[in-house]
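I opened the model today to look through its fold, its core and its charged pairs. These are my notes, in the order I made them.

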Amino acid sequence: MQVMQFSLKILTVAGCRPPTSWSSLCKRTVYNVYTILMCSLLFSFMFPQVMDIILNVNNADDFTNTFYIMLAMIIGCCKILGLLLNRKNIEMLIKVLIEKPFKPLEPDEIKIREKYNKIIRTNSIFYTVLIETVCGFMNLMSLLTDFRRGNLAYREWIPYAWSDTVYYFTYFRQLISLTVASIVNVACDILIWGLLMHIYCQIEILECRVKKSLRDDRRDLGECVRQHNDIYKYARRINEKFKIIITVQFIASMLVICSGLYRLAKTTFSPKYIPLMLYTICMCLQILIYCWFGNEVKLKSIQFSDNIFGMDWVTTDKKTTQNLILIMNRSLVPIEFSSAHIITVNLDSFVKLLKMSYSVYNILKQTREE
């Protein structure tokens, strides 16, 4: 049974996973060139914005004008590097889900896997359409305003002589780079929380197997103990491979939200206001999804112990009871994802992030008033 096919297709579009059918050297070379192009577009936009802050910015308004888009580009650069460095690990993490012990074997288990495959696909499509629609709207509004006035869509440092040709090249490079950043962000986001949902799915499949073992004595419960331990190992592996990306996402989201609030507070209602508002909402949604699914996995791993206690275990033999105790003891430590072992990925962290963003926003506001 195939898993996360839509997520893998978006990874291919983002330049992070060559199509499996492209096995020839020529096609692989073409895709590698495509990957280099995607990386070049991201870094060629991020670097001039960093230099603009270093060389040209001298007040809070100019700083936030450059900073809020620069952060999106930094996130995009970190994510595409993380995805490329973990290309083999991603394939391994996907492959594990279709092999034993994670492979669903019986009709009820297959039904559970299909249910979560459908949820992951639906959420991924909705998220992709939402982010790309907002990105397209931002580009369209810029074309109708900035381009008609001969302005760039976003501030950046220009190290070369200015001319009409240079303007057209720089302007459309900015729009294309922003679109590439949105695709890379979507690819990474739906991959990570898709894997989180599969952990949730595996706990539900394991719960189903434990119930059948207690009811029919058809399976050695020791297999369930080993599978439960494998789920924890799988979760740790995911957290280890993507902890840097999650950390950068947390920090950047906080800074984007506070700078977005600052810009919204000083911007009157105009064509620039709506894209800025949508962009800030998308950044909130981006980190909320990480925290939401991380919180769901944590609650499911804790609930598993209570569900086992509610099963018919009173009449079981000593060995079965010992295995159940092993599983319940292991469940006392929940599955938690963290960013660099500092911030746990759950709803409490999301609330703290919003509070911290508002605090930074107040500091920026007071600095401007002074």
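I am working with a predicted model, where local features need pLDDT of at least 70, side-chain atom pairs count only at pLDDT 80 or more, and totals for chains, interfaces and linings use all residues. Residues are numbered from 1 along each chain as its sequence is written, and side-chain values use heavy atoms, with hydrogens and water left out.

**Entry 1: confidence**

I checked pLDDT, the predictor's confidence in each residue, from 0 to 100. The protein averages 84, and 91% of the residues score at least 70.

**Entry 2: overall layout**

I counted 10 helices and two strands. Both are DSSP runs numbered from the N terminus: helices are H or I with at least four residues, strands are E with at least two. Read along the sequence, the pattern is α-α-α-α-α-α-α-α-α-β-β-α. The C-alpha trace spans about 80 × 55 × 30 Å along its principal axes. Of the 370 residues, 51% count as buried.

I then looked at contacts, meaning heavy atoms within 4.5 Å. Among those between residues at least 6 apart in sequence, 80% join residues at least 24 apart. The accessible surface comes to about 18,100 Å², and carbon and sulfur atoms hold 63% of that. Such areas come from the Shrake-Rupley method with a 1.4 Å probe; for residues, only the protein chains shown count as cover.

**Entry 3: helix 1**

Phe6, Ser7, Leu8, Ile10, Leu11 and Thr12 are buried in helix 1. Ser7 sits in this helix, which covers residues 5-13. Its relative accessible area is 1%, so Ser7 counts as buried. Leaving out residues up to four places away in sequence, Ser7 touches Ser124 and Ile190.

Val13 also belongs to helix 1. It is partly exposed because its relative accessibility is 41%. Val13, Tyr34 and Leu37 make a nonpolar surface patch of about 250 Å². For patches, residues need over 30% relative accessible area and no salt bridge; like charges are joined within 9 Å, and nonpolar side chains (Val, Leu, Ile, Met, Phe, Trp, Tyr) within 5 Å. Just after helix 1, Gly15 takes a positive phi of about 85°.

**Entry 4: the core**

I looked up the largest nonpolar core. Such a core is a set of buried Ala, Val, Leu, Ile, Met, Phe, Trp, Tyr and Cys residues joined through side-chain atoms within 4.5 Å. Which of its 106 residues touch the most other members? They are Leu195, Ile199 and Phe242. Helix 6 (residues 164-216) gives the largest share of this core, 27 residues. Beyond its neighbours within four places in sequence, Leu195 contacts Met4, Leu93, Ile94, Leu97, Tyr234, Ile238 and Phe242.

**Entry 5: salt bridges**

I used this rule: a side-chain nitrogen of Lys or Arg within 4 Å of a carboxyl oxygen of Asp or Glu. The count comes to 15.

Asp108 pairs with Lys212, with the closest N and O atoms 3.3 Å apart. Asp108 lies in helix 5 (residues 107-149) and Lys212 in helix 6, 104 residues apart. Asp108 is partly exposed at 32%, whereas Lys212 is buried at 4%.

Arg209 and Glu109 meet at 3.0 Å, N to O. This pair also links helix 6 to helix 5, Arg209 and Glu109 being 100 residues apart.

Lys300 bridges to Glu204, the closest N and O atoms being 3.7 Å apart. Lys300 is in helix 8 (residues 273-309) and Glu204 in helix 6, 96 residues apart. Lys300 is buried at 9%, and Glu204 is buried at 17%. I also noted one network, in which bridges with shared partners join Glu106, Asp108, Glu109, Arg209 and Lys212.

**Entry 6: helix 10**

I finished on Leu354, in helix 10 (residues 347-369). Leu354 is partly exposed, at 33% relative accessible area. Leu354 and Ile257 are 97 residues apart in sequence and 7.9 Å apart in space, C-alpha to C-alpha.

Note on methods: Buried < 20%, exposed > 50% of the residue type's maximum accessible area, 1.4 Å probe, protein only.
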